[in-house]
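Please read this briefing alongside the sequence and the coordinates. It is arranged by topic for a reader who wants the criteria stated next to the values.

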Amino acid sequence: DSASNRVFNVTSTANVTIRNMKIRHGKTSSSGAGIYIQPASVATCGFTIDSCEIVDNISNVAANYTAGGGGIFASYSDNASTSVTVTLLNCTISGNSTSSRGGGVFFCRGGSNGSLTSVIRNCTISGNTASGTDGQTGGGIAIHNHGATVTNSTIVGHTSTNASGGGGGIGQRYGTLTLTST
């Protein structure tokens, strides 16, 4: 099937919560087949994904360091006044794939201005695949150019086909990663 459809395309500058949903079978030739988050303008906003299953989504995007996220892609526009927080709570993220970074999840700081805060808590992230060729691909989670916190979560059984070492479970490029009880 050559159809291309994201399940959620979130460009709002409001606070958004997605709760108790199964998000599956998204397919796109861009980033974020399951959930795509990128506020369209200057904003301070928060996105919470709570008690959801994000499974079997495919992002067939050209490999580069700011593209990917089979299950979830989160970023923001390059603006000094933009502050975005993305929180994943009690989620299962499994069986997603991308031809770039972050088979399950890709958090990408959108530029040198603004901020992106990423929190993953009480989640199971398993069996995702990233086949990018540009380093730090992250089969389960890819983090580019910002900090992230992962707490009380399971990250297991991922594949990163990057020959230069892409991080099967987590691939990170710049920023701080904090892992607690994970």
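This is a predicted model: local features need pLDDT of at least 70, side-chain atom pairs count only at pLDDT 80 or more; totals for chains, interfaces and linings use all residues.

Residues are numbered from 1 along each chain as its sequence is written, and side-chain values use heavy atoms, with hydrogens and water left out. The protein chain has 0 helices and 22 strands, where helices (H or I, at least four residues) and strands (E, at least two) are DSSP runs numbered from the N terminus.

**Overall make-up**

- Of the 182 residues in the protein chain, 46% are buried, a term that stands for under 20% relative accessible area, with exposed meaning over 50% and partly exposed in between (1.4 Å probe, protein chains only).
- Among contacts (heavy atoms within 4.5 Å) between residues at least 6 apart in sequence, 84% join residues at least 24 apart.
- The accessible surface of the protein chain comes to about 7300 Å², of which 43% belongs to carbon and sulfur atoms; accessible areas come from the Shrake-Rupley method with a 1.4 Å probe.

**The sheet that starts with E1**

- An open sheet of 6 strands runs in the order E1-E5-E9-E13-E17-E21 with parallel pairing, two strands being paired if DSSP finds at least two bridges between them.
- Strand E1 (8-10) and strand E21 (170-173) each have a single partner strand and stand at the edges, so one side of each is left without a neighbour in the sheet.
- From one strand to the next the twist averages 5°, with axes fitted as lines to C-alpha atoms and angles running from 0 to 180 degrees between N-to-C directions.
- Within this sheet, strand E9 (residues 72-74) pairs with strand E13 (residues 105-108) in the parallel sense over 3 bridges, and Phe73 has Phe106 in E13 as its bridge partner.

**Aromatic side chains**

- A search of the whole structure finds 2 aromatic pairs, where rings of Phe, Tyr and Trp (its six-membered ring) pair if their centres lie within 6.5 Å, and planes under 30 degrees apart count as stacked, over 60 as edge-to-face and the rest as tilted.
- The rings of Tyr36 and Phe73 have centres 5.5 Å apart and planes at 15°, so the pair is stacked; Tyr36 lies in strand E5 (residues 35-37) and Phe73 in strand E9, 37 residues apart.
- The rings of Phe73 and Phe106 have centres 5.8 Å apart and planes at 65°, so this pair is edge-to-face; it links strand E9 to strand E13 across 33 residues.

**Strand E10 and its partners**

- Strand E10 (residues 83-89) is mostly covered, with 5 of its 7 residues buried.
- Strand E6 (residues 44-50) runs parallel to E10 and is joined to it by 7 bridges, with Thr48 opposite Thr87 in E10.
- E10 is also joined by 7 bridges to strand E14 (residues 115-121), again in parallel, and Ser83 stands opposite Ser115 in E14.
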